[in-house]
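Hi,

Here's the structure I promised to pass on. Have a look at it first, and then read my notes below.

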Amino acid sequence: MSVVEVGERLRGRFSGILGEAVPLADYTTFRIGGPAALLAVPRGKEDLAALMKAVAESDTRFLVLGGGSNVLVSDAGFDGAVVVLGKDLGGIERIAKYEVYVEGGCSLNRLVEWAIERGLSGLEDLAGIPGSVAGAVRMNAGAMGCEVGERVTEVDVMSLAGREVVARRVTGEEMGFSYRSCALGDDDVISGVRLRLKEGDGDALRSRRREVLAWRRENQPLRQPSAGSVFRNPPGMSAGELIDRCGLKGMRVGEAMVSKKHANFIVNLGGASALDVRTLMARVKQEVMRAQGIELDEEIRLVGEIGEDTR
Ligand SMILES: Cc1cc2nc3c(=O)[nH]c(=O)nc-3n(C[C@H](O)[C@H](O)[C@H](O)COP(=O)(O)OP(=O)(O)OC[C@H]3O[C@@H](n4cnc5c(N)ncnc54)[C@H](O)[C@@H]3O)c2cc1C
């Protein structure tokens, strides 16, 4: 079964958005990316299960996105099915005094605010990180020395296993959280997450949130499209500082530029292509290696064949 047949099979029994040749630029914070052969935004867990089943029974490639805030998608797009978990799969439920269950498509910022309003502490340092809760858990997103994985006790995962879809519950320990990473693979979709928070004081939490957001406005180029930090921090070092020390702020390839505000951000000045960004990334890596002997690793996830202009 081809990707077109997957779409046809779902039509009529899928209540969310379903489209063909949908530009992924509209689903990424970089505003970059060619078309997805099939794009599906499930309205609930039944939609998600139906989509996964159809994909499992086909030869279609598969990609899951949340806010698209940590990805660089090829200009050629993605020749397969892209499922986007958004607010329709974004419920939050308090299941015990300090325990919360949240669906994967919930925005991380909404969860942070929800917790603060209930005097629950543990997520306030993550205020301002764009994207979904599932994306944050998959990437073990973090800021101010706090990582989301520290709060996660269980994760509901739907996995493509050959021609089957397997639903399983993974414990926080089994998630194997490490710096901007976890043990899940690309065929695993996080549908829900259980977190354990702590007691906090509402006013203190609100004030911390304001502080964190002010820090972001001061230090990150929030008015320009980007995908956050491009490179991972090497152990004990800051990738941004290494790039800055090479004098690369403002370096450009086409419409992609190393941010003048934060050297580990690449911003889209308007019409940047994935090739522009990838080529700029390669030049930054090359220069940091040449000048400081340190190999930078990508933090952003590359989707599809992007290539690199080696001129
Ligand atoms: C301005 C800006 C600031 C940022 N600041 C930070 C920061 O301080 N700290 C930080 O850690 N990150 C930061 N980021 C990066 C990004 O916001 C985080 O990594 C975020 O948690 C990604 O969530 P997302 O939903 O957008 O994931 P996406 O970009 O949609 O996906 C990222 C990865 O997760 C996978 N994924 C997405 N949804 C699911 C799912 N349901 N199940 C399984 N896998 C899934 C995708 O396949 C992909 O591999 C920043 C980005 C921007 C643009």
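A residue counts as near a molecule if its C-beta atom, placed from the backbone, lies within 6 Å of it. Keep in mind, too, that this is a predicted model.

Let's begin with the ligand. It is surrounded by 33 residues, and the closest are G66, G131, A134, G135 and G228. Which elements give two or more residues to that shell? They are β3 (61-65), α4 (133-139), β9 (142-143) and β13 (188-196). The one that gives the most is α4, with five residues. Sorted by class, the shell around the ligand has 16 nonpolar, 14 polar and three charged residues.

Next, the strands. Strand β1 (residues 17-23) runs antiparallel to β2, and six bridges join them. In that pair, G19 stands opposite L39 of β2. β2 also pairs with strand β5 (residues 78-84), this time in the parallel sense, over four bridges. Here L39 turns up again, standing opposite V82 in β5.

V82 leads us to the core. In soluble globular proteins, nonpolar side chains tend to be buried together. The largest nonpolar core in this model has 92 residues, and L72, V82 and I266 are those with the most contacts inside it. If you click on L72, look for the residues it touches beyond four places away in sequence: among them are F30, I32, A227, V277, R278 and L302.

Note on methods
Residues are numbered from 1 along each chain as its sequence is written. This is a predicted model: local features need pLDDT of at least 70, side-chain atom pairs count only at pLDDT 80 or more; totals for chains, interfaces and linings use all residues. A nonpolar core is a set of buried Ala, Val, Leu, Ile, Met, Phe, Trp, Tyr and Cys residues joined through C-beta atoms within 7 Å. A residue is buried if 20 or more other C-beta atoms lie within 10 Å of its own, exposed if 12 or fewer, and partly exposed in between; C-beta atoms are placed from the backbone. Two residues are in contact if their C-beta atoms, placed from the backbone, lie within 7 Å. Two strands pair if DSSP finds at least two bridges between them. Ala, Val, Leu, Ile, Met, Phe, Trp, Tyr, Cys and Pro count as nonpolar, Asp, Glu, Lys and Arg as charged, and the others, Gly among them, as polar.
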